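User: I would like to learn how to read a structure model feature by feature. Please take the general idea before each case.

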Amino acid sequence: MLWNKRRKFRKALFLCVFLSLFLAGCTLNKETEQHTLKNHQKELEKEAIPPSFHEQEIMLPIQTENGQFNSVSGWLNNEEIVYITNVGLGSHVYTYNIFTGKNQLIFESESPVASVIVSPSGKRLLVHTAPTSFEGIITIIDQNGKEIMSERMEAFDFAFEWNPYDEDQLLLSSFTESWDFSSYQMNLKDKKLIPMQLKEPFAGWKSKDELVYLDWGQEESLLFAPLKQRSIFSEQDKTILDKIYYMKAIKSLIMTITVPSDKINESAYTFLSSDLNKLAVLNIPHLTRFSDWLIPYFDFDERDHFYTFAPLYSSEADTYAEGFQLLSLNIKDGEKTVVFENLENEPLSCSPNGSHCLYGFYFEKLINMDSKEIMPIIKE
């Protein structure tokens, strides 16, 4: 009898202990699950950071270290720009990171720097210095300032065109005061300046070894010319398009501007692949001048986006005062976007990814293409 009571008591005690442990385990598991869930939610919150958190602060205006600001020349990459300062009778060339504020002096000259042309990849720079009005020094450096090649030439002015397919080559045309010209192939690998017989001084690269140019001939009054191509190894050329008003060639792309006979108040921008397949067409109103049409400033980025200023309607350039739209065209799908309203038609240079553009006659302003903010590069 006593044993039965003890057995019942033990069963009851065991049941109580079991229930207590079970409930405690449930509570622990629930707390663990809640804790794990909270941690998981925190991880999700870390991953789902608001877009504004990722926006890097722009470190502008530039605090010039030596000399007076002259101009910005262009982009080395998505973060670094190149600018020139006047120092006494000479010039300094700097790179500047717009996100970190880092300044780096890469070139010094006792003569004024007339221009700096960045190669398509941003890995090389052409620096044109002008010791006198009729003499120029063309120096090629890498992005850290190491000299690759230098040539001293008698000339009143120059035109340059990097070969985007082979940056060991570039086309150089020199001009006399009467605008007679001589053209050269600048071979950086062999450090040679090779004379070329070209009909026109302004040409673009269609491929590694081919040039395209507008053959204006001797008829200066003509508004249109045939687009021709030729090999750098030959003096023979062939016509590839007719009645072109303007041409620009970049890597894997040729842009032509014409005026359609049925839309005489518009300019037709046609974008062709290097093998001349039509990719996209953009029609915008044009402004007439005394003997031709105004071509608003434009640029490309590496995503096959084209940017240009466009007037709101066709008019005479001298009397038009309504401001310009900044348009973006996706050449791949033909989608056109109005990025800005009511801007002035001034030079434009966009970063490779198209997130920011230099703007102004000295590229003294920076446009944030996402926030639509325009900020000064140099303190006024």
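Predicted model: local features only at pLDDT ≥ 70, side-chain atom pairs only at ≥ 80, totals over all residues.

User: How many helices and strands does the protein chain have?

Analyst: Helices (H or I, at least four residues) and strands (E, at least two) are DSSP runs, numbered from the N terminus. The protein chain has 2 helices and 30 strands.

User: What share of the residues counts as buried?

Analyst: Buried means under 20% relative accessible area, exposed over 50%, and partly exposed in between (1.4 Å probe, protein chains only). Of the 380 residues of the protein chain, 44% are buried. Accessible areas come from the Shrake-Rupley method with a 1.4 Å probe, and for residues only the protein chains shown count as cover. The protein chain exposes about 21,900 Å², with 51% of that supplied by carbon and sulfur atoms.

User: How do I read a sheet, and which strands stand at the edges of the one with β9 to β12?

Analyst: Strands of a sheet pair through backbone hydrogen bonds, either parallel or antiparallel. Two strands count as paired if DSSP finds at least two bridges between them. Here an open sheet of 4 strands has the order β9-β10-β11-β12, with antiparallel pairing. β9 (157–162) and β12 (192–196) are at the edges; each has a single partner strand, so one side of each is left without a neighbour in the sheet. From one strand to the next, the twist averages 25° (axes are lines fitted to C-alpha atoms, for helices over the stretch in contact, and angles run from 0 to 180 degrees between N-to-C directions). β11 (residues 181–187) pairs with β12 over 5 bridges in the antiparallel sense, and S183 stands opposite M196 in β12.

User: What lines the largest cavity?

Analyst: Rolling a probe the size of a water molecule over the atoms shows where empty space is left. On a 1 Å grid over the protein atoms alone, a cavity is a set of points where a 1.4 Å probe fits but cannot get out; lining residues have an atom within 4 Å of a point. Grid points are joined across faces, edges and corners, and a volume is the space filled by probe spheres set on the points. The search of the whole structure finds 2 cavities of 30 Å³ or more. The largest cavity has a volume of about 40 Å³, and its lining includes Y245, W293 and P296. β19 (266–273) and β20 (278–285) each supply at least two residues of that lining.

User: How do β19 and β20 run, and how many bridges join them?

Analyst: They run antiparallel and are joined by 7 bridges, and L272 stands opposite K278 in β20. Their hairpin has 4 residues between the strands, and L276 takes a positive phi near 75° there.

User: Which peptide bond is cis?

Analyst: The bond from L60 to P61 is cis, with omega near 5°. P61 lies in the loop between α2 (51–54) and β1 (68–75).

Key: Residues numbered from 1 in each chain as written. Heavy atoms only, no water. 1 Å grid on protein atoms, 1.4 Å probe; cavity = no way out; pocket = protein on both sides within 12 Å on 5 of 7 lines; lining within 4 Å.
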